[in-house]
Amino acid sequence: MDIRAKIEFLMELISCSHRLSYGSLDASLNLLSTSCPSREVYDILLSQSGYRNYLLPKLSSCDTPWMMTDVIGFVWIAVFERSHNKVHTVHLIGPACFQDAPLQALLNQNVLPGKNAADTLTGLLCTLPILSFTDYLKYGQMLHYTVTGQKVLPGSFYLSGFPPQSSRTGQATARRQSHAAWACEQALTRAVKEGRRDDQTVLDEFFALLPSCPGAKNDPVRQTKEHVRLLLFLCSRAALLAGLPPHLAYTLQDTYLQDIEAAVSAAKIRDIGQTVFRDFADRVQNTKAQSAVSMPIRDICDYIRLHCTEKYSIADLGRQAGYAEYYFSKKFKKETGMSVNDFIKQAKIEHAKKLLLDKTSSIQQISEALQFCSQSYFAEVFQHFTGMSPATTGTGTPPPKSPCESPGTYRKKRRDFHLALRFSLFKPPLVGDTLLFKKLARITLPSPNRARISSIARFAFSSFS
């Protein structure tokens with residue numbers, strides 16, 4: 001059975017419930033055939049939607065069904081038949097409506113050439129099906145499967161709303177707003193699935209819908225919370241469909257829900273929304289990059305990213321993965337290209353970047369929360385992974401000035417200290433030889449290390465007295 005026969009059989013099945021018209025277009029989007037009683041009226045209704053200007057640039061890249069809607073309220077579904085990676089036929093079902101068809105709006109726009117066409121249109125509108133959004137999507141799924149042999153989810157449909165004309169009713173405006181919200185949600189979902197964390201346009205369009213978001217309109221904070229909560233659910237769902245492990249997606253969702261509820265200002269809630277989108281897109285991108293990584297190692301990577309503020313050893317991670325420490329370290333580096341310690345540091349620095357941009361914690365507080373032994377070591381690791389200092393990333397408190405201003409200077413002075421100490425052990429000074437000890441004491445080290453090393457030096461000197 002060829003595609004044409006399959007489509008005829010499908011339309012017969014659909015006609016058992018709803019009387020929908022079928023049409024086909026060539027590669028130049030000219031009407032080839034239609035099952036509508038009047039080809040002229042069908043062509044007029046299709047042309048007034050402005051489909052040609054919107055679909056023609058998309059033919060080379062589009063491979064999913066389109067749901068098209070116009071200012072009048074007619075809705076069409078288009079499916080593309082390809083041959084040798086080129087579209088040669090566009091199959092349409094429609095028009096249909098989600099509510100009563102506005103005949104007066106068509107007559108006011110003077111799109112009908114004469115009385116006969118107007119009479120034909122009136123008869124057509126009397127039989128035009130009024131469908132639910134879900135039923136229409138199902139018919140689109142059936143048509144796409146009939147033409148391409150591929151199954152698609154309702155969320156894979158593209159929705160195109162055409163530019164409004166000067167004459168429009170309040171109901172048409174409300175319909176366009178609802179369609180714009182649906183299209184924006186689909187664009188956001190695709191961005192997360194593709195790991196496009198820097199797609200700021202999608203976020204701007206989503207937050208532009210905030211004034212029309214249902215909720216407590218007299219309470220901007222509550223309304224923003226509801227909007228960002230919707231953003232969280234959309235991102236979480238898209239990440240799950242893109243392959244993010246469910247336990248990770250749900251854990252992140254619970255964490256961000258608590259952050260959203262604890263926020264007290266609309267600006268803070270919007271910042272959380274930005275973080276939610278980038279975090280899920282990042283994790284989807286990492287999941288795709290780790291497609292060759294075994295499941296136990298991938299679970300450990302997710303665990304490390306989720307528990308950046310906790311303290312654990314490589315042996316602990318190995319036991320969690322079910323491997324001995326040595327074998328786990330070797331397997332981890334072979335599959336990820338990084339040692340376990342380097343991966344932990346990288347995960348901590350990525351989390352630190354989010355905390356710095358959050359602007360609620362100082363660098364010292366972030367360093368302590370991420371289990372770094374000192375602020376200077378945190379700055380050194382941060383510089384290594386990002387190429388910049390923590391002070392230039394966020395607006396946290398910059399590290400205090402000291403003679404050990406850079407990691408390079410710190411490493412040089414630490415090396416000098418160990419050389420001096422080693423020399424003193426082979427050539428022990430006399431007790432009371434304070435000259436060398438004062439020279440060692442002038443080497444500036446972080447305070448947690450200075451007292452410990454000074455006590456070691458004193459012990460070494462006194463041991464050779």
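Reply: Buried means under 20% relative accessible area, exposed means over 50%, and partly exposed lies in between, with a 1.4 Å probe and protein chains only. This is a predicted model, where local features need pLDDT of at least 70, side-chain atom pairs count only at pLDDT 80 or more, and totals for chains, interfaces and linings use all residues. Residues are numbered from 1 along each chain as its sequence is written, and side-chain values use heavy atoms, with hydrogens and water left out.

Me: Is M11 buried or exposed?

Reply: M11 counts as buried because its relative accessibility is 14%. M11 lies in helix α1. Helices (H or I, at least four residues) and strands (E, at least two) are DSSP runs, numbered from the N terminus.

Me: What does M11 touch?

Reply: Not counting residues up to four places away in sequence, M11 touches L20, S21, Y22 and I93. Contact means heavy atoms within 4.5 Å.

Me: Where is S21?

Reply: S21 is in the loop between α1 (3-14) and β1 (22-26). S21 is buried too, at 11% relative accessibility. Leaving aside neighbours within four places in sequence, its contacts are M11, S35, C36, Y42, L92, I93 and G94.

Me: How far apart are M11 and S35?

Reply: C-alpha to C-alpha, M11 and S35 are 9.5 Å apart in space, and 24 residues apart in sequence.

Me: G94 was in that list. What is the peptide bond from G94 to P95?

Reply: The bond from G94 to P95 is cis, with omega near 5 degrees. P95 sits in strand β5 (residues 86-96).

Me: Switching to backbone angles. What is phi of L29?

Reply: Phi of L29 is near 65 degrees, a positive value in a residue other than glycine. L29 is in the loop between β1 and β2 (31-34). L29 is buried, with a relative accessible area of 0%.

Me: And Q371, where is that?

Reply: Q371 is in the loop between α16 (363-369) and α17 (375-386). Its phi is near 65 degrees, again positive in a residue other than glycine. Q371 is partly exposed, with a relative accessible area of 37%.

Me: Zoom out. How many helices and strands are in the chain?

Reply: The protein chain has 21 helices and six strands. Of its 465 residues, 42% are buried. Among contacts with a separation of 6 or more, 62% are between residues 24 or more positions apart.

Me: On to helices. Which residues of α8 are buried?

Reply: In α8 (residues 200-208), V202, L203, F206 and F207 are buried. They line one face of the helix, because seen down the axis of α8 they fall within an arc of 125 degrees. The arc is that of the directions from the helix axis to the C-beta atoms.

Me: What about the spacing in general?

Reply: An α-helix has 3.6 residues a turn, so residues three or four places apart point the same way.

Me: At what angle do α8 and α9 pack?

Reply: About 140 degrees, with the axes of α8 and α9 (residues 220-241) 10 Å apart. That makes α8 oblique to α9. Axes are lines fitted to C-alpha atoms, for helices over the stretch in contact, and angles run from 0 to 180 degrees between N-to-C directions. Under 35 degrees counts as roughly parallel, over 145 as roughly antiparallel, 65 to 115 as roughly perpendicular and the rest as oblique.

Me: Which residues make the contact?

Reply: L203, F206 and F207 of α8, with H227, V228, L230, L231 and L234 of α9. By class, the contact of α8 with α9 has seven nonpolar, one polar and no charged residues. Ala, Val, Leu, Ile, Met, Phe, Trp, Tyr, Cys and Pro count as nonpolar, Asp, Glu, Lys and Arg as charged, and the others, Gly among them, as polar.

Me: How do the axes of α13 and α14 cross?

Reply: At roughly 85 degrees, with the axes of α13 and α14 (residues 325-336) coming within 9 Å. That makes α13 roughly perpendicular to α14. I314, A315, L317, G318 and A321 in α13 meet E325, F328 and S329 in α14. The contact of α13 with α14 has five nonpolar, two polar and one charged residues.
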